[in-house]
Amino acid sequence: MQTELEAPGTEPLDVREGVVLAGVRKAYGPVVALDGVDLRAAPGEVVAVVGPSGCGKSTLLELVAGLQPLQAGRIEIDGDPAPAARTALSAWMPQRDMLLPWKRAADNAAVALRLAGGDRRESRRLAAAMLDRLGLSGFADALPGELSGGMRQRVAVARTLLAGTPVLLLDEPFAALDAITRGELQTWLRATLASEHRSTLLVTHDVEEALYVADRAAILTPRPAAVAAVIEAPTTPAAARADAISAPAFVAARAAALKSLGAAA
Ligand code: ADP
Ligand code: MG
């Protein structure tokens, strides 16, 4: 199981960089959601978190974002364990897109910039440029109600990226979309994240999505969740999604992930 990025000829990564979780425990009263979770995503890495419904995936992202206290263990972003620092260093995309229905796409995408004190026109200009980059040219002035589900999720990802934080926390971003749109957005997200030097945790219950979009998938056990297995995503060349997911190495990785998910359930 490879958990470190160590390309030959490069310096070993500073282990304090990115997101590190060690021995994390979280209980809601008598309900223990997470117990003994170890996880790491270095800068530039995308780590998928896969697990059965109710096992604690959303809780895990909220803990990383410093939105909830943990009972035991340690979470650091760039070496800093303070919850307020983690809130500042991460951008959380919750399970629902949470776009403001009365704000146009560019203004929704610009929310984090505005909250950080950015000038309205400059924030909007940066947001419109991000929407262009994410394939939404011409939709900067659209209201969320005028956009398809897939477009709304792109605006929500744009808003998350524009926060400019070293850590991205994406909670089942495509769960509500139809299969065709979901496949398109997986291809899009994979390409988008490949050009970002950030640490991304991608929560999903879709093993194929996990292994296609992420560098590796951490499979969680049912509640209380711990990491049952870490499955490396096969390095597929930039092929069409349909070809990538039918390659023998991909099929084998998916089978291994489903097996540990089944064994964990
Ligand atoms: P997942 O995202 O994997 O579906 P969650 O993290 O939402 O799981 O929830 C994990 C467990 O913790 C569930 O049993 C859920 O009912 C419980 N839980 C989540 N949030 C709270 C909360 N704020 N108060 C009490 N229990 C909660
Ligand atoms: Mg959830």
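Hi everyone, let's start at the ligand: α1 gives the largest share of the shell around ligand 1, three residues. Helices here are DSSP runs of H or I with at least four residues, strands are runs of E with at least two, and both are numbered from the N terminus. A word on the source: this is a predicted model, where local features need pLDDT of at least 70, side-chain atom pairs count only at pLDDT 80 or more, and totals for chains, interfaces and linings use all residues. Residues are numbered from 1 along each chain as its sequence is written, with chains lettered from A and ligands numbered from 1 in the order in which they are written.

Back to that shell. Around ligand 1 you'll find Tyr28, Val31, Ala33, Gly51, Ser53, Gly54, Cys55, Gly56, Lys57, Ser58, Thr59 and Arg223, each with its C-beta atom, placed from the backbone, within 6 Å of the ligand.

Now to a helix pair. α6 (residues 149–162) and α7 (residues 179–194) pack at about 25°, with axes 10 Å apart. That makes them roughly parallel, a label for angles under 35 degrees. Their contact uses Gly149, Gly150, Gln153 and Val157 of α6, and Thr181, Glu184, Leu185 and Leu189 of α7; contact means C-beta atoms, placed from the backbone, within 7 Å.

Finally, the whole fold. The protein chain has 10 helices and nine strands, and its C-alpha atoms fill a box of roughly 50 × 45 × 45 Å along the principal axes. Thanks, all!

Note on methods:
Axes fitted to C-alpha atoms, helices over the stretch in contact; angles between N-to-C directions. Parallel < 35°, antiparallel > 145°, perpendicular 65-115°, else oblique. Contact = placed C-beta atoms within 7 Å.
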